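Let's take a friendly walk through this structure together. Keep the sequence and the 3D view open as you read.

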Amino acid sequence: KKNIMGARIFVSYARSDATIVGQIVRFLNVAGFDTWFDLHELLPGEEWRFVIEREIAKARLLILCLSSNSVNKTGFFQKELRLALEQAGMRPQGEVFIMPIRLNVCPIPTSVAHLQVLDLFTMDATQKLLKAIQKATGDGARVPKEEHAKLTNGILLYNVDPKT
């Protein structure tokens, strides 16, 4: 169910986390959320920097995937983080725009340390993720138990070897 308001969820992540983040995006899509994930949405020939900046500005919510691969490395993830903070600053006080989630144990960037972070590797994290998105966007979601289990297992495997 696509929301007429275009309540898109932009998913920001480090390229080396693409596999596990793809599983998160699939989970959100099964839940009926409209996501923007560069591996699915960017088309050949598009000016990717411009498209990403535009999509962050248009998004209703930005899921910031924090990991040992993303937080301390130089790369476009850092730029997306700054763009997200800029967008958050233009929105009404109290409106959730940046939703940080940790894929594994890693430091939380100072710039988002004031925000509650969801550790995706903890009990019932997939349920909490859906509840948080529902509260932020007003869009509800129900996901079959096996989809929660699939993502939970994916996160567990990722935490065994975050390089995969």
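L115 counts as partly exposed, because its relative accessibility is 25%, a value that falls between the 20% limit for buried and the 50% limit for exposed. Keep in mind that this is a predicted model. You will find L115 in the loop between strand 4 (98-102) and strand 5 (118-119). Which residues does L115 contact, leaving aside its neighbours within four places in sequence? They are I98 and P100. N72, by comparison, is 43 residues from L115 in sequence, and the two C-alpha atoms are 18 Å apart in space.

Let's follow the chain past strand 5. The loop between strand 5 and helix 5 holds D124. Most residues other than glycine have a negative phi. D124 is not a glycine, and yet its phi is positive, at about 60 degrees.

Now to helix 5 itself. With 13 residues at 1.5 Å a residue, helix 5 should span 18 Å, and this agrees with the 18 Å between its end C-alpha atoms. Which residues of helix 5 are buried? They are A125, T126, L129, L130, I133, A136 and T137. Looking down the axis of helix 5, you would see these buried residues within an arc of 145 degrees, so they line one face of the helix. The face turned away from that buried side carries K131 and K135, which are exposed. The buried residues of helix 5 are covered by elements that include strand 1, helix 1, strand 3, strand 4, strand 5 and helix 6. Just after helix 5 comes G138, with a positive phi of about 85 degrees.

Helix 6 is next. It runs over residues 145-160, and its 16 residues reach 23 Å from the first C-alpha to the last, close to the 22 Å expected at 1.5 Å a residue. Its buried residues are E147, H148, L151, G154, I155 and Y158. Why do they sit on the same side of helix 6? They do so because they cover an arc of only 125 degrees around the axis. K145, L157 and V160 are exposed on the other side of helix 6. What do the buried residues of helix 6 pack against? Their partners are helix 1 (18-30) and helix 5 (125-137).

Let's go back along the chain to helix 3. Here V51, I52, E55 and I56 are buried. They share the same side of helix 3, because their arc around the axis is only 130 degrees. Among the elements covering these buried residues are strand 1 (9-12), strand 2 (35-36), strand 3 (61-66) and helix 4. Helix 3 also includes K58, which counts as exposed because its relative accessibility is 52%. K58 and H40 lie 18 residues apart along the chain, with 17 Å between their C-alpha atoms.

Finally, look at how helix 3 meets helix 4. Two packed helices are described by the angle and the distance between their axes. The axes of helix 3 (residues 48-58) and helix 4 (residues 76-89) come within 10 Å and cross at roughly 35 degrees, and the crossing is right-handed. On the helix 3 side, the contact is made by W48, R49, I52, E53, I56 and A57, while helix 4 contributes F76, K79, E80, L83, A84 and Q87. Sorted by class, this contact has 7 nonpolar, 1 polar and 4 charged residues.

Conventions:
Residues are numbered from 1 along each chain as its sequence is written. This is a predicted model: local features need pLDDT of at least 70, side-chain atom pairs count only at pLDDT 80 or more; totals for chains, interfaces and linings use all residues. Side-chain values use heavy atoms; hydrogens and water are left out. Axes are lines fitted to C-alpha atoms, for helices over the stretch in contact, and angles run from 0 to 180 degrees between N-to-C directions. Helices (H or I, at least four residues) and strands (E, at least two) are DSSP runs, numbered from the N terminus. A crossing is left-handed if the near helix is turned anticlockwise from the far one by less than a right angle, and right-handed if clockwise. Contact means heavy atoms within 4.5 Å. Ala, Val, Leu, Ile, Met, Phe, Trp, Tyr, Cys and Pro count as nonpolar, Asp, Glu, Lys and Arg as charged, and the others, Gly among them, as polar. The expected span of a helix is 1.5 Å times one less than its number of residues. Buried means under 20% relative accessible area, exposed over 50%, partly exposed in between (1.4 Å probe, protein chains only). The arc is that of the directions from the helix axis to the C-beta atoms.
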